[in-house]
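Here are some notes to read alongside the model, written for someone meeting it for the first time. Please keep the 3D view open and turn it as you go through the points.

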Amino acid sequence: MATNYISIRVLQHDKSDQIRIGAERGIFQDQLDRAVQDTIDQYEKETEWCGGFQVACERYYKRIAIVDADTLAVLRVIHPVKEEG
């Protein structure tokens with residue numbers, strides 16, 4: 001069974017409202033779960049200095065998501081926006 005090939009990017013929205021969009025890469029649609037795990041693993045390595053991925057998310061990011069490379073439509077939220085109240 002053939003699956004669709006899609007182009008994705010990682011969108012990072014930090015608490016100072018800066019948005020960064022990573023480089024485009026292609027995956028098969030059924031590999032989206034793997035792309036999410038790869039992204040978490042990458043953030044884990046990059047944020048070891050502050051306690052890892054979960055700590056960094058709580059301190060520095062409003063949202064991290066996998067988005068469609070062309071339309072920037074959210075395909076999967078990795079770290080959600082939490083309502084402050």
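1. **The nonpolar core.** The largest nonpolar core has 15 residues, and the members that touch the most others are Ile 8, Ile 27, Phe 53, Tyr 61, Ile 64, Ile 66 and Ile 78. Such a core is a set of buried Ala, Val, Leu, Ile, Met, Phe, Trp, Tyr and Cys residues joined through side-chain atoms within 4.5 Å. Buried stands for under 20% relative accessible area, exposed for over 50%, and partly exposed for what lies in between, using a 1.4 Å probe and protein chains only. At least two residues of this core come from each of strand S1 (5-14), helix H1 (32-46), helix H2 (53-60) and strand S4 (61-68). H1 gives the most, with 4 residues. As background, nonpolar side chains tend to be buried together in soluble globular proteins.

2. **What you are looking at.** This is a predicted model, in which local features need pLDDT of at least 70 and side-chain atom pairs count only at pLDDT 80 or more, while totals for chains, interfaces and linings use all residues. Residues are numbered from 1 along each chain as its sequence is written, and side-chain values use heavy atoms, with hydrogens and water left out.

3. **The overall layout.** The protein chain has 2 helices and 5 strands, which follow the pattern β-β-β-α-α-β-β along the sequence. Helices (H or I, at least four residues) and strands (E, at least two) are DSSP runs numbered from the N terminus. The C-alpha atoms fill a box of roughly 45 × 25 × 20 Å along the principal axes. Of the 85 residues, 31% count as buried. Among contacts with a separation of 6 or more, 44% link residues 24 or more positions apart; a contact is heavy atoms within 4.5 Å.

4. **Ile 64 and its surroundings.** Which residues does Ile 64 contact, leaving aside neighbours within four places in sequence? They are Val 10, Leu 11, Tyr 43, Phe 53, Cys 57, Val 77, Ile 78 and His 79. In the strand pairing, Ile 64 of S4 stands opposite Gln 12.

5. **S4 and its two partners.** S4 pairs with S1 in the antiparallel sense over 7 bridges. S4 also pairs in the antiparallel sense with strand S5 (residues 74-79), over 4 bridges. Two strands count as paired if DSSP finds at least two bridges between them. Val 67 stands opposite Val 74 in S5.

6. **Two turns worth a look.** S4 and S5 form a hairpin with 5 residues between them, and Leu 72 in the turn has a positive phi of about 65°. Leu 72 is partly exposed, at 37% relative accessible area. Asp 17, in the loop between S1 and S2, also has a positive phi of about 65° although it is not a glycine. Asp 17 is partly exposed, with a relative accessible area of 48%. For context, most residues other than glycine have a negative phi.

7. **Thr 47, between the helices.** Is Thr 47 buried or exposed? Thr 47 counts as buried because its relative accessible area is 5%. This residue lies in the loop between H1 and H2. Not counting residues up to four places away in sequence, Thr 47 touches Gly 52, Phe 53 and Ala 56.

8. **Ile 19, in strand S2.** Ile 19 lies in S2 (residues 19-21) and counts as exposed because its relative accessibility is 51%. Leaving aside neighbours within four places in sequence, Ile 19 is in contact with Leu 11, Gln 12 and His 13.

9. **The largest pocket.** The volume of the largest pocket is about 170 Å³. On a 1 Å grid over the protein atoms alone, a pocket is an open set of points where a 1.4 Å probe fits, with protein on both sides within 12 Å along at least five of seven lines; lining residues have an atom within 4 Å of a point. Grid points are joined across faces, edges and corners, and the volume is the space filled by probe spheres set on them. The lining includes Ile 8, Arg 9, Asp 38 and Tyr 43. H1 supplies the largest share of the lining, 5 residues.
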